[in-house]
Amino acid sequence: MARDYDNADVPIPTTRLQSNATVRRAKTLTRPERSVAPPPLINPQAGLVSSTSGIVVEASSDWSAWTVFSRVVTFWAPAFLLQSVGGLKDKQTVQAWREKMALCIIILIMCGVIGFMTVGLQKVLCPETTSITAERFISVGATPGTLGISGFIFNVTQSKSPSSVNFLQLAQQLPGQDITTLFQRDAGQFPSCKGLNYRIALDPPCNTATPCPLGALNTTATIQSFQLLNTTQLAGYDWDQITSLQNYLHQTSIPGDDVDHALRTVLASNGRDVTRLFVNRDDLRETINCLKQRYTAGYIDKITPGCFISQLILYAGLIVILGLVMIRFVMACIFSWFLSGRLAGNPDSQSLDRSAISPAVMPEGANISIDNRLGTAPWAGPSGTKREKPNNKSARSLASASSTTLTNGDGTGAAPIMSLAQIGAELFAVCLVTCYSEGEESLRATLDSISKTTYSDARKLLFVVADGMITGAGEKRSTPDICVGLLEADPRFGNPTPMSYMAVGTGSKQENRAMVYAGHYTVAGRRTPTVVVVKCGTEQEAATEKKPGNRGKRDSQLILMNFFSRVTYNDRMTPLDFDLFRKLHVLMGVTPDFFEVCLMVDADTKVFPDSLKALVNCMHHDQMIMGCCGETRIENKRQSWVTAIQVFEYFISHHMAKAFEAVFGGVSCLPGCFSMFRLKARKASGDDWVPLIIKPEIVKEYSQCEVTTLHEKNLLLLGEDRFLTTCLLRTFPNRKMMFLPQARCRTVVPDTFGVLLSQRRRWINSTIHNLMELVLVRDLCGTFCFSMQFVVFMDLLGTIVLPIAISLTYMLIITSALDPPTTFEQAIPLVLLVAVLGLPGVLIVITTGKVGYVFWMLIYLIALPIWNFVLPVYAFWHFDDFSWGETRKVEGEAKGEGHGEGKGAFSGVNIPLRRWEDWERSRLRKIKREERRRREFERAHPQGFVTGDEYLNVRSDQNSQYDGSDTFSVTSSEDQWGPQIGEYNENNAQYPPPPPALHLSHDGLASAKTVDASDLEAMLESGWDDQPSASASTDHLHPAQPPPRTRYQLSDGAVAAARTASPTRPVQAISTAIGGDDWKTHIKKRSGGGSGGDGGSQDDYGPLGPLDPGRRL
């Protein structure tokens, strides 16, 4: 089903009155705007349509700039050739291949630029002929006792001067001056001048005009005889000294000599650079070496502009890279030593003593009736107290009341403000465990670890989702069988009924069904409330598909996110949502709106005992924190060489990368295997809620199922955890994503190279595409180079150039080994390399004190070519591969099989969407009808009856004036929503659902007596008792009469349920973090439960059963 994005979908800011003690709501019949949301990352094309095969196609060709660029750079590969020879099936696959090639070309260009700037730029700007540093110069006139010969400085303090020349006297006149012209030379002794017909090469150096009193220059004996010591340093001249040098040219020009003419031309123009003139002419270019060899007197003691720029770039790179490495190192140490411990500590009493808004209040923008000024949820009365319905309200008036007029009292009075001490330090937390193909041992270990945490069982809920009716490779039982087998089911719920919901998929796969098993998970004396959601698929899917119900991990997360989003905003619920609402309420004793945090854990992860409490404490300390992850350690680190090379990589990615990002509150990726998200947060003013991960805009964007471009598919299909983090950071850039090293877990990593290759392909590609989106977010913490935006850009650039970086690293190591550096400038790259690779080892020692990790670091360094070359190159080349590969194998599954592509079109008519009020009203009607039907059966058949295997089909009223609403009267015998409610009554464990029809056994009919008309008339006149005695006639259908059953009273006065409060009233729950009796003030009022009657038990027992999940019913 195609979805369009319109500007009207983006909410606009609204204003409302703020008050210190009350929460006022404006009267409205529509949902107000919820806040300002950024443009969505995934923009469904307006031209997307669903074909008959269920594949989303484009109605018109897309000619965006990126599409045009990808087609231009791959012009050499026509589409027909790719389809016939390359095996690409359709236009989308061909376009994905073109986009992959375009990305690879861009990455190749970026790697070339980095390689050129690292190696080639210096050689271009400062070649070896000009790469003379200032340290090699001795300036003329600066050092006494020196003279210059052929451009080199000689020490003459110990020299023996001949009678014709006094070296010491010349050195005193001008230290470092050139005396080359005093030595005997011959025109033929300069090899570079041979064959040239210019006067510069043919004129004899020594003549009567320029006598040469000293010996021959081309022999070392002459220099040794005068005891002149060569310092090997060059004679450096400044520009003023050059103008005072002796003119070598003849006083008159030489006709026909091009070199003489060129030199005189340059000198006449105030001495410009002659290099360009000589290089551009072939006849003059060959004279350059001759001029340098015969007439060199020294060098300019200033480095050339090219060498200066080269050195500037080198030092700038040193400062930036070394600065980033040092800043990361220092910030990671600061976070480990000072910040993380405070976040993991228990909240102080002052933070819990303050008053804040109650969970009973829905956030701004929720669906609230016009008479509800306080904004409380429909399942909670005003001020959090129980909602009492007048007993004299007729059944017909209840049936005709619409959801828009159902109110929570009179709407007056104080706002539901409560003290945070009533909730305590332990927030209500839901622990989501997503399962796919894991075995029983792995699942049991994960559930055991969560259940054994130090967190109270009354405040945590295990929410297990089995992703389809599948069996893992090598397993004997299916994953749903394993999950349900670990659960101690609650008998009040009976056998679950498949409930429909809207799933993540295309075509018919957007419709799915799931069964909800509720009960407790028991281990080591702990009894944790648990819900197991088994995605079983539609009836047609179960009959034709290999993996019915399978929709992926993102769909499993969205079951939870959609549920809490609809509860928070009182949005229309699917049957699965309402079923979850009822069972969560019964298990936890409070309505789901009390839950504030969600821990997401993979099914192969073991949580440390104090991790859950540490993460919740982190949420307590700062309301601006919307997500937090812990440290993930490796469970099977010694299993193979593949697991060994991952140990240090896991450690450093947490303790250095995430610790540094946590200082700024901008952790760019919360791993899906172990992360906690805040469902909703209180505003700083304390008068309203701010939904975070359950914000409708985020849920909508995260649930996109129709993606066409390569970028969108890499975002959504390969890395759900990173994409969810990206959505949160884009929507709430001023809030924080944190890392808490005190919260730890262990997970199983790939132990074969093929699985590791597949896993890192998904991670690397997902990282690149998510960083491409995050780098555009300007409101992140910091500014310019000291901002998270700059850090994200550096991470993106660093990920792209990993192959060239490791290649240059090994080239540097080999070059330095063959030719060790002699200057600091030559050693700068080695300094950077040592800092980048060595500082993590120092970080290990000073932060954790575990020297053993140094050993794992050495293994990691040996495997650097795999991490920085093999894995990235493989990932880049598979940009167009959106499968999970070898990571999770299922029995009988072929490679590349998807889980969300369905055939046909999705209409949505089979999935009813109704508000909680409507579902609850239908549930009450169903209870009354079933109780009335039971009484009629008992009256008609006092001797007993046998129920059949099938329920009667409910009648659907086609003439209803309200399309999609339950307009049947309470007194009606049928209800079109009956099958979507569930065949159980959680408020009456002793009463199973009534039989829909009577099925008499053949034996009973054969032995039954017949009566004549007079006997029948007498029986009708005398009547029957509702409950006949146990000594009934043997002519009954059953030999013994069932024991008398207790009557129960419904909340609206009808006979059915065994309680006086509303059927979905939250009940009392106490946290181990709360002391005293103050906790009883608010929640008991909200639940409607009492503290025990006169002479009654003082145990905590609410209208739905014992409040302590550790006690059995």
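Glu635 counts as partly exposed, because its relative accessibility is 36%; partly exposed sits between buried, under 20% relative accessible area, and exposed, over 50%, judged with a 1.4 Å probe and protein chains only. The side chain of Glu635 meets that of Lys606 in a salt bridge of 3.5 Å, N to O. A salt bridge here is a side-chain nitrogen of Lys or Arg within 4 Å of a carboxyl oxygen of Asp or Glu. This pair links distant parts of the chain: Glu635 is in the loop between β20 (625-634) and α21 (641-663), while Lys606 is in strand β19 (residues 605-607), 29 residues apart. Helices (H or I, at least four residues) and strands (E, at least two) are DSSP runs, numbered from the N terminus. Lys606 is also partly exposed, because its relative accessibility is 34%.

Before going on, a word about what you are looking at. This is a predicted model, in which local features need pLDDT of at least 70 and side-chain atom pairs count only at pLDDT 80 or more, while totals for chains, interfaces and linings use all residues. Residues are numbered from 1 along each chain as its sequence is written, and side-chain values use heavy atoms, with hydrogens and water left out.

Now let us follow some other charged pairs. By the salt-bridge rule, the count comes to 30. One of the salt bridges joins Asp622 and Lys736, whose closest N and O atoms are 2.7 Å apart. This pair, too, links distant parts of the chain: Asp622 lies in the loop between α20 (611-621) and β20, and Lys736 in strand β24 (residues 736-747), 114 residues apart. Asp622 counts as buried because its relative accessibility is 16%, whereas Lys736, at 31%, counts as partly exposed. Elsewhere, salt bridges that share partners join Asp258, Arg281 and Asp283 into one network.

Where do Arg551 and Glu541 lie? Their side chains meet in a salt bridge of 2.8 Å, N to O. Arg551 is in the loop between α17 (539-544) and α18 (553-569), and Glu541 is in helix α17, so the pair ties together parts that are ten residues apart in sequence. Arg551 is buried, because its relative accessibility is 2%. Glu541 is buried as well, with a relative accessible area of 6%.

Is Asp602 buried or exposed? With a relative accessible area of 14%, Asp602 is buried. A polar contact of 3.0 Å joins its side chain to that of Lys553. A polar contact is a pair of N or O atoms within 3.5 Å; within protein, one must be able to donate a hydrogen and the other to accept it, and residues adjacent in sequence count only if both atoms are side-chain atoms. Leaving aside neighbours within four places in sequence, Asp602 is in contact (heavy atoms within 4.5 Å) with Val433, Thr434, Thr446, Lys553, Gly672 and Cys673.

Gly754 gives another example of chain parts brought together. Gly754 lies in helix α25 (residues 753-774) and counts as partly exposed, because its relative accessibility is 39%. Gly754 and Val642 are 112 residues apart in sequence and 9.7 Å apart in space, C-alpha to C-alpha. Across the protein, among contacts between residues at least 6 apart in sequence, 78% join residues at least 24 apart.

Ile109, Val113, Phe116, Met117, Val124, Phe308, Ile309, Leu312 and Ile313 make a nonpolar surface patch of about 820 Å². Patches are made of residues with over 30% relative accessible area and no salt bridge: like charges are joined within 9 Å, and nonpolar side chains (Val, Leu, Ile, Met, Phe, Trp, Tyr) within 5 Å. The elements that give two or more residues to this patch are α3 (91-125) and α12 (305-344). Helix α3 gives the most, with five residues, and Leu312 lies in helix α12.

The unreviewed UniProt entry annotates "transmembrane region" over residues 102-121, 312-339, 796-815, 827-846 and 853-877. In the model, residues 827-846 are 100% helix and 0% strand, with end C-alpha atoms 27 Å apart. Residues 853-877 are 96% helix and 0% strand, and their end C-alpha atoms lie 33 Å apart.

Finally, step back to view the protein as a whole. It has 34 helices and 28 strands, and buried residues make up 51% of its 1113 residues.

Conventions: Areas by Shrake-Rupley, 256 points an atom, 1.4 Å probe, with all protein chains shown as cover. UniProt positions renumbered as here; feature names shortened; annotations may be inferred.
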